Amino acid sequence: MAEIKTIGILTSGGDAPGMNAAIRAVTRAGIFAGLNVKGIYRGYKGLVTDEIVDFKTQNVSNIIQQGGTILKTARCQEFMTPEGRQLAYDNARRHEIDALVVIGGDGSLTGARIFANEFNFPVIGLPGTIDNDLYGTDTTIGYDTALNTIMQCVDKIRDTATSHERLFFIEVMGRDAGFLALNGAIASGAEAAIIPEISTEVDQLAELIQNGFRKSKNSSIVLVAESPVTGGAMGLAERVKKEYPNYDVRVSILGHLQRGGSPTAQDRVLASIMGAAAIDALMDDQRNVMIGVKNHEIVYVPFTKAIRNEKPINRGLLETLRRLSI
Ligand code: F6P
């Protein structure tokens, strides 16, 4: 295979805490291995519009603790067209970029796979998303920080919920996946989690809450994953209110605050290990794989697998939540 001398790095899709730690790791491990590193701004958009600059070790100083991404991010329509990708390829070659490291979620890795196949171009992916919905890796960069943010928010809402003896529906992100809702519920001692992977009837939920109040609980918290399947916290609260008007119901949607903040130690370590592993993978002639972690070991997951397969949620955790919320 052709020798790789220069790599380009970009972040794409929704940002996630720890992306900066990953940029730092890829840049420094790359330079350590004797490679030239180029930073590409605004994801694939920057590849199309030529926002590409040399990255030295100083470019990534003092960023490991910062949320967001210094490279900025975007969702790029043009890259979805063959003409856009041709422009991207031409720009990459003009900057003598021989391989790309793409940090992002599902959509970003889909773009990476198409680009890699179309131009026979080496790409390594790093799973960067708070949703934790990528198959083949136990966890993704940003997930732990978002989970901690959710836990802190729910702790605060619990105070007011208890004072007023209210039932709160708290909506968390996750796109089509319930990892944040389910594990956030366990971490914050919530009464229930409503996730798209498992259907819950309003009756079941009401019974659980009623039992709780009967046992002299003076607040109830239900975490709801955003999704058309669950109906979101608003939809669910409306249904419960209609059928059980005696409950004092409130809704809180945590929204984008889940995507910000300084990454946790776990996300910094994960991003650093994965970033260094991306360089090892390239040096090892790996192509078109996502770096994953399984049982604390680095694994290479082919893009097709990471994108096409649905990551299974541990259904047993719902039962654990139910047992612990009596
Ligand atoms: O994929 C990350 C994520 O934060 C999802 O949880 C959420 O559905 C989506 O991005 C929100 O995207 P945007 O910031 O474009 O509204």
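Start by selecting helix H4, residues 106-119: this helix gives six residues to the lining of the largest pocket, the largest share of that lining. Keep in mind as you click around that you're looking at a predicted model.

The largest pocket has 28 lining residues in total, and its volume comes to about 560 Å³.

Now show the residues around the ligand: Arg75, Asp131, Met173, Gly174, Arg175, Glu226, His256 and Arg259. Colour this shell by class too, and you'll see five charged residues, two polar ones and one nonpolar one.

Time to zoom in on some side chains and get out the distance tool. Each stop here pairs an oxygen atom of the ligand with an N or O atom of a side chain.

- Pick aspartate 131: a side-chain N or O atom here is 2.7 Å from a ligand oxygen.
- Move to glutamate 226: the distance between its side-chain N or O atom and an oxygen of the ligand is 2.5 Å.
- Finish at histidine 256, where a ligand oxygen and a side-chain N or O atom are 2.8 Å apart.

On its own, the ligand has 390 Å² of accessible area, and the protein covers 74% of that.

Methods:
Residues are numbered from 1 along each chain as its sequence is written. This is a predicted model: local features need pLDDT of at least 70, side-chain atom pairs count only at pLDDT 80 or more; totals for chains, interfaces and linings use all residues. Side-chain values use heavy atoms; hydrogens and water are left out. A residue is near a molecule or strand if one of its heavy atoms lies within 4 Å of it. A polar contact is a pair of N or O atoms within 3.5 Å; within protein, one must be able to donate a hydrogen and the other to accept it, and residues adjacent in sequence count only if both atoms are side-chain atoms. Accessible areas come from the Shrake-Rupley method with a 1.4 Å probe; for residues, only the protein chains shown count as cover. Ala, Val, Leu, Ile, Met, Phe, Trp, Tyr, Cys and Pro count as nonpolar, Asp, Glu, Lys and Arg as charged, and the others, Gly among them, as polar. On a 1 Å grid over the protein atoms alone, a cavity is a set of points where a 1.4 Å probe fits but cannot get out, and a pocket is an open set with protein on both sides within 12 Å along at least five of seven lines; lining residues have an atom within 4 Å of a point. Grid points are joined across faces, edges and corners, and a volume is the space filled by probe spheres set on the points. Helices (H or I, at least four residues) and strands (E, at least two) are DSSP runs, numbered from the N terminus.
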